[in-house]
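Dear colleague,

Please find below the structure that I am handing over to you. My findings follow it, arranged by topic.

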Amino acid sequence: MIWLRRVLIGIVALAVLLFVLGNLFNRQIANFAFDRFVERQAGADPSADLPDGLHVYLCGTGSPLPDPSRAGPCIGVLAGQKAFVFDVGSGSVRNMGLMGFPTSRLEAVFLTHLHSDHLDGLGELLLNAWIAGSRDARLPVYGPEGTGDVVDGFNQSYRIDGGFRTAHHGPRIANPLGQGGVALEIETPADPNGSLVVFGDGDVLITAIQVAHSPVHPAFGFRVDYKDRSVSISGDTIYSEGFVSGSNGVDIMFHEALDPEMVGKIGEALADRGQIVGAKIFSDIPDYHATPEDAARAADAASAGQLVFYHAVPPLPARQLEVIFLGDVKKLYSGPVTVGRDGTLFSLPAGSDKIIRKTVF
């Protein structure tokens, strides 16, 4: 027992010594850790290590409802060396920074429709892209009719701020000609299931696909093709034949979804508490969103390689809730299914059929 007592005394003494040293040298240790962090992270471009291909950043997989684990809807796409963003929900721009999305190389923003939860981060993104890229021309913002009004509004809102930044950093860093966005409104196809190419540059092709989100009209989904890889992004829609057709053969379909049973329970609880406005909203929203099963049917009909849910309604803060949300999805679609979470990166290397999923944060 003497040896055991000596061991215990030694452990206690070592713990006390480490505690004392930690307090004595706490500042030095913190400075050392911070210096190592700066050395590794400041100015680093994580995207430089990615193979040539199509890379999809889930910057925001949530909805207008508060969700501690999800920002508003936003998907960043890196196609070769060209970067694009599809919708810019609240909080998503900061997620881009955490994920190392190359905002300095941003070519364009695409808005699926003009609901506020899909664009309320646009001002922040325009500002970041301007400064990070030292832009000398405004960033193109593609979207449906009315996008011009939205972009003009953000430009006006950030005009004074931009003037301060030019005065502070100088025009080489903050060139006033590059501040803000320029709207490029997408022509609405006559066919409600129609589509049209809206961006083509080298190996990158982006197609707008009209979807159904009435009374919001027009509304678009998008397909991105780069070399031999492809993804589609639904935006907000019910089951859409046009989106299915436009997504034919994609490697990954990113689809919104709302679980009507879960939403219905929330609505009933609000009504029981006399919150009539909230109850009315929760009774209305299921009619212009796809169910998880609708999305599964779409992925199956399009022969998509994988199905990834984003813009999940209601919020799913605990993974255990995903089982309820998915319902009969796996009976309707045989491919891999993922309930999207912010901070997830999907890499699709060119010349390969691999899909690599990585959690960045």
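Helix α8 (residues 260–272) and helix α9 (residues 276–284) pack with their axes 8 Å apart and at an angle of about 160°. Axes here are lines fitted to C-alpha atoms, for helices over the stretch in contact, and angles run from 0 to 180 degrees between N-to-C directions. Helices (H or I, at least four residues) and strands (E, at least two) are DSSP runs, numbered from the N terminus. The angle makes α8 roughly antiparallel to α9; angles under 35 degrees count as roughly parallel, over 145 as roughly antiparallel, 65 to 115 as roughly perpendicular and the rest as oblique. The crossing of α8 past α9 is left-handed, a term that applies if the near helix is turned anticlockwise from the far one by less than a right angle, with right-handed meaning clockwise. On the α8 side, Val263, Ile266, Gly267, Leu270 and Ala271 meet Gly278, Ala279 and Phe282 of α9, where contact means heavy atoms within 4.5 Å. The residues of this contact between α8 and α9 comprise six nonpolar, two polar and no charged. In this scheme Ala, Val, Leu, Ile, Met, Phe, Trp, Tyr, Cys and Pro count as nonpolar, Asp, Glu, Lys and Arg as charged, and the others, Gly among them, as polar.

Two points on provenance apply throughout. The model is predicted, so local features need pLDDT of at least 70 and side-chain atom pairs count only at pLDDT 80 or more, whereas totals for chains, interfaces and linings use all residues. Residues are numbered from 1 along each chain as its sequence is written, and side-chain values use heavy atoms, with hydrogens and water left out.

Leu122, Gly123 and Leu126 of α4 meet Val150, Val151, Phe154 and Asn155 of α5. By class, the contact of α4 with α5 holds five nonpolar, two polar and no charged residues.

For the chain as a whole, the secondary structure comes to twelve helices and 15 strands. Its C-alpha atoms fill a box of roughly 85 × 55 × 55 Å along the principal axes. Of its 361 residues, 49% count as buried; buried means under 20% relative accessible area, exposed over 50%, and partly exposed in between (1.4 Å probe, protein chains only). Among contacts between residues at least 6 apart in sequence, 65% join residues at least 24 apart.

Helix α10 (292–301) is largely enclosed by the rest of the structure, because seven of its ten residues are buried. The buried residues are Pro292, Glu293, Asp294, Ala295, Ala296, Ala298 and Ala299. They pack against α7 (241–246), β11 (252–258), β12, α11 (321–326) and α12 (329–332).

Most residues other than glycine have a negative phi, and most peptide bonds are trans. Just after α10, serine 303 takes a positive phi of about 55°. This serine 303 lies in the loop between α10 and β12 (306–313) and is exposed, at a relative accessible area of 53%. Histidine 311, in strand β12, also has a positive phi, of about 50°, but histidine 311 counts as buried at 2% relative accessibility.

Two peptide bonds are cis. One runs from serine 214 to proline 215, with omega near 15°; proline 215 is placed in the loop between β8 (204–213) and β9 (216–226). The other joins histidine 217 and proline 218, with omega about -5°, and proline 218 is found in strand β9.

Isoleucine 206 lies in strand β8 and is buried, with a relative accessible area of 0%. Leaving aside neighbours within four places in sequence, isoleucine 206 is in contact with residues including Phe84, Phe86, Phe110, Leu196, Phe199, Phe222 and Val224. Its C-alpha atom is separated by 8.9 Å from that of tyrosine 226, 20 residues apart along the chain.

Finally, the 16 residues of helix α2 (residues 26–41) should span 22 Å at 1.5 Å a residue, which agrees with the 22 Å between its end C-alpha atoms. The expected span is 1.5 Å times one less than the number of residues. Just after α2, glycine 43 takes a positive phi of about 80°.

Yours sincerely
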